[in-house]
Amino acid sequence: MAPLRPEEPGSAAAYLCVFLLTVSAWMALPGPVRCGSVALNRRGWEDRTFDLNGGERGFLPGQKAVGAGSTPRFRRALSWDKQMSLLSSSFVLKGDATHNQAMVHWTGENSSVILILTKYYHADSTKVLESSLWRSSDYGTTYTKLNLMPGTTIVVTSFYICPTNKKKVILVGSSINERDQMLFISTDEGSSFQRQSIDFTPDTLIFHPKEEDKLLAYCKEGRLFASADLGRKWTLLQERVTKDRVFWSV
């Protein structure tokens, strides 16, 4: 067997020149080149047959996508554009001009109820000084301001929705001087509320992921409470608890 020998330098250089000439000729050709189902133009871009608006893009002037209207992806994009429509409406929440925070909840699951809690949060004192709770039963076309305790000013700081039964809503509130702490419990998507006085100030409520009436309440001073009847009765479980380590074990 003859020993293998490296090619001569002159022959390798000739092959390189032929390759470079071939590439140069390819770059000079007009129009896109098909590589499978993707079109590449001479500048190395990938031509896409449609964008989010269903139109063509990425082609040079005078060029047209080949078979773009017949691709399943293109047809899906056009169908999606026809199906999507946005209906908007506006409603002024009167009296909340100074409020700088809002919590919005839509129950979903074929429900037309939307709850909006607007708040005036005072950054220096880190407290909520004012709040208003609005409820809509027609997908947000109109809203009604709820009066939780007629004749008494109540400040609602947050609300919580049961993950397994979206009709169950709990508001966390207090009197304006924070002397009286209370919960407002609803089982009908906020159509009515039952006031429940409590002797602690909850910082966070945690619903059980499966049992809809079980709750944990964590306080800033490190106390942890539990309820098995949707917040009507509470039991102190533990003190000196770290907030980040509070969770349900299922």
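Is Lys243 buried, partly exposed or exposed? Lys243 is partly exposed, at 40% relative accessibility (buried is under 20% relative accessible area, exposed over 50%, partly exposed in between; 1.4 Å probe, protein chains only).

This is a predicted model, in which local features need pLDDT of at least 70, side-chain atom pairs count only at pLDDT 80 or more, and totals for chains, interfaces and linings use all residues. Residues are numbered from 1 along each chain as its sequence is written, and side-chain values use heavy atoms, with hydrogens and water left out.

**View 1. Salt bridge between Asp203 and Lys243.** A salt bridge puts a side-chain nitrogen of Lys or Arg within 4 Å of a carboxyl oxygen of Asp or Glu. Here the N to O distance is 2.9 Å. Asp203 sits in strand β12 and Lys243 in the segment after β15 (235-238), so the pair ties together parts 40 residues apart in sequence. Strands (E, at least two residues) are DSSP runs, numbered from the N terminus. Asp203 is partly exposed, at 25%.

**View 2. Salt bridge between Asp213 and Lys168.** The closest N and O atoms are 2.6 Å apart. Asp213 lies in the loop between β12 (202-207) and β13 (215-219), and Lys168 in the loop between β8 (154-161) and β9 (169-175), so the pair ties together parts 45 residues apart in sequence. Lys168 is buried, at 9% relative accessibility. Asp213 is partly exposed, at 29%.

**View 3. Salt bridge between Glu221 and Arg223.** Their closest N and O atoms are 3.2 Å apart. Arg223 is partly exposed, with a relative accessible area of 23%. The model's count is 6 salt bridges.

Terms used: Helices (H or I, at least four residues) and strands (E, at least two) are DSSP runs, numbered from the N terminus.
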